Amino acid sequence: MGSSILPDLGAEILIPVCAVIGIFFSLAQWLLVSKVKLSPGRDSGSPGNNGAGGKNGYSDYLIEEEEGLNDHNVVIKCAEIQTAISEGATSFLFTEYQYVGIFMVAFAILIFLFLGSVEGFSTKSQPCTYDKSKMCKPALATAIFSTVSFLLGAVTSVVSGFLGMKIATYANARTTLEARKGVGKAFITAFRSGAVMGFLLAANGLLVLYIAINLFKLYYGDDWGGLFEAITGYGLGGSSMALFGRVGGGIYTKAADVGADLVGKVERNIPEDDPRNPAVIADNVGDNVGDIAGMGSDLFGSYAESSCAALVVASISSFGINHELTPMLYPLIISSVGIIVCLITTLFATDFFEIKAVKEIEPSLKRQLIISTVLMTIGIGIVSWVALPSSFTIFNFGDQKAVKNWQLFLCVAVGLWAGLIIGFVTEYYTSNAYSPVQDVADSCRTGAATNVIFGLALGYKSCIIPIFAIAMSIFVSFSFAAMYGIAVAALGMLSTIATGLAIDAYGPISDNAGGIAEMAGMSHRIRERTDALDAAGNTTAAIGKGFAIGSAALVSLALFGAFVSRAAISTVDVLTPKVFIGLLVGAMLPYWFSAMTMKSVGSAALKMVEEVRRQFNTIPGLMEGTAKPDYATCVKISTDASIKEMIPPGALVMLTPLIVGIFFGVETLSGVLAGSLVSGVQIAISASNTGGAWDNAKKYIEAGASEHARTLGPKGSEPHKAAVIGDTIGDPLKDTSGPSLNILIKLMAVESLV
């Protein structure tokens, strides 16, 4: 067999050190962002303030003087708007977490009862599942520890979402103010604050998991099978919180967005983030709550689950049986190397290359993906060579399969590159630099109906290549290393999570920056800069969703594998009626779930539209800009709607596996899981790409950057109105149903496993 080159002590030091480096790096980025002052005064661009003194300082200062922008009131106004957004987001998250907290406790008790009751709450040792000759820790212990790790995962998930939201609301106004100095400065501020979130989340997730494993080891000792089974609760906790964050946040943000767009743009003909629009604060709060807090929890969930799936399978393979610690922790070592790789990659965007023109924004973000993938491939090669024995065996449905270390390297690399392919395909279909979105924009000439038809077709078409990429990576990794291969392929896709999240969080931050510029009444030139940042942000957000969906598919398959090997089913036979009805019902679930979330957005938006209309009609002087709208009522409508509406979809996902498993047995449940995975991935990809394409088609017409775009008209023309309608339909697709579906797929699988 041979042992690994890296000693156990090395692995034990490497993982926490990388995690701590990640945390420190994100704090350093935070410090750099906080250097942008939000208090008015001569120093906002004065010489010497940015340390470069002389030339740099002066030129910045002079530009501002010419534009007459060194206005005290602009800075004060930005600060005020930022405070409003930050308070709105914080109060919503606190309300949401109160409800989620109650649910968390209830579910923790449920897990404890279900797992503890297996042996009638006995405290005796019982024979191991896989090796009857040895004695293992009692079921009660597994129940207690699974519950603990569930709570740990849930808390980590909530904290990472909350911190991400904090930094985003901290950075949005600062990005706006930096945009006065040029597009490059604003880009760096937005990107850095995204990086803060990415690194905090990746490092926290890794550190908490690592500490949990070591603490549990004190009790479990040599029983690694039991130990890592108890750890699976960590992934369940992470994802169940993400579900509520995603659904609740998605309903919140889209109710406000649709309400603001329909009344503001289509009826009243005022620009997107006009301060006269009562729903404008709620809309900007929503970007933070849905896209940042939700996305953070979601990717953290995928990350925790793929780690758990890999660890469960490894614990019953030769690593676990022979107690080889370093290869056992291989999934964690990959993630810790990923943090270092992302750190180097981030420096490429912020320090090595400076962005000078608007057209350099998207290429720079794409370069992030390529650089991190290439570096990570090298990193994985080194890790696989150092941390794995030259050959070992992997548990494969009852027997052990011999695997070489280069085969495992290929599994991870395949996942990593599949992620990159999915990212690029998504970008091709959702960026307005390419023909698909331009075709959609062109179809607006003949009204909203053709726009909708083209957009839907684009979304369906955009499934083709990602699905082949996922299928290839599943085939390669399964044929090399069975279910373990799929779990590490998912980890490979998520190994550059810090960069992925930084790119993703960048979107909502620059979106907010644009809104703040509009509300603070800044000049047209600045609004153009923030719009350019925002359009790039839309595409990157779609790329982030592509990653999340792709990894969710792999993760849930890995969890499905772990579930099947754990439930001792060697084959799932499609021809048995039990399994087949499971498949049918499972494939229906994503539709049921989407129906619930779409309808929630629709009904919440209806209330919002009525409220916005009421304010425009009853508050005198609102359209003229002499009276202030009542923002708070709109924020309250969004909050109430999303808290109330996130319960039924959540219950659907959480209760299905329990009910099916108890009443129809394990085989039907495996059918349901397979069915929901197969149909959920398709809907999720098409929904998020359709929405992203409609949004960018609208931006394409608004920006008027090319000859073609100018023929489609300025804001307010008929094609533009058609584009706005498409964008409004796409909003719940791309930000509520689509992203929540990937959580549906993973959650049911991990819950069945636990």
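Residues are numbered from 1 along each chain as its sequence is written. In this predicted model, local features need pLDDT of at least 70 and side-chain atom pairs count only at pLDDT 80 or more, whereas totals for chains, interfaces and linings use all residues, and side-chain values use heavy atoms, with hydrogens and water left out.

**The helix pair.** Select residues 405-430, helix α12, together with residues 666-703, helix α21 (helices are DSSP runs of H or I with at least four residues, numbered from the N terminus). Their axes lie 8 Å apart at an angle of about 40 degrees, so the two helices are oblique to each other (under 35 degrees counts as roughly parallel, over 145 as roughly antiparallel, 65 to 115 as roughly perpendicular, and the rest as oblique). Next show Thr426, Tyr429 and Thr430 of α12, which meet Asn689, Gly692, Ala693 and Asn696 of α21 (contact means heavy atoms within 4.5 Å). By class, this contact has two nonpolar, five polar and no charged residues (Asp, Glu, Lys and Arg count as charged; Ala, Val, Leu, Ile, Met, Phe, Trp, Tyr, Cys and Pro as nonpolar; the others, Gly among them, as polar).

**The largest cavity.** Now select Asp511, Asp534, Asn538, Asp695 and Lys699, which, among the 31 lining residues, lie nearest the centre of the largest cavity (a set of points on a 1 Å grid where a 1.4 Å probe fits but cannot get out, with lining residues having an atom within 4 Å of a point). The volume of this cavity is about 350 Å³, taken as the space filled by probe spheres set on the points. Colouring by element, α17 gives the largest share of the lining, eight residues, while the lining as a whole divides into three nonpolar, six polar and 22 charged residues.

Key. Axes are lines fitted to C-alpha atoms, for helices over the stretch in contact, and angles run from 0 to 180 degrees between N-to-C directions. On a 1 Å grid over the protein atoms alone, a cavity is a set of points where a 1.4 Å probe fits but cannot get out, and a pocket is an open set with protein on both sides within 12 Å along at least five of seven lines; lining residues have an atom within 4 Å of a point.
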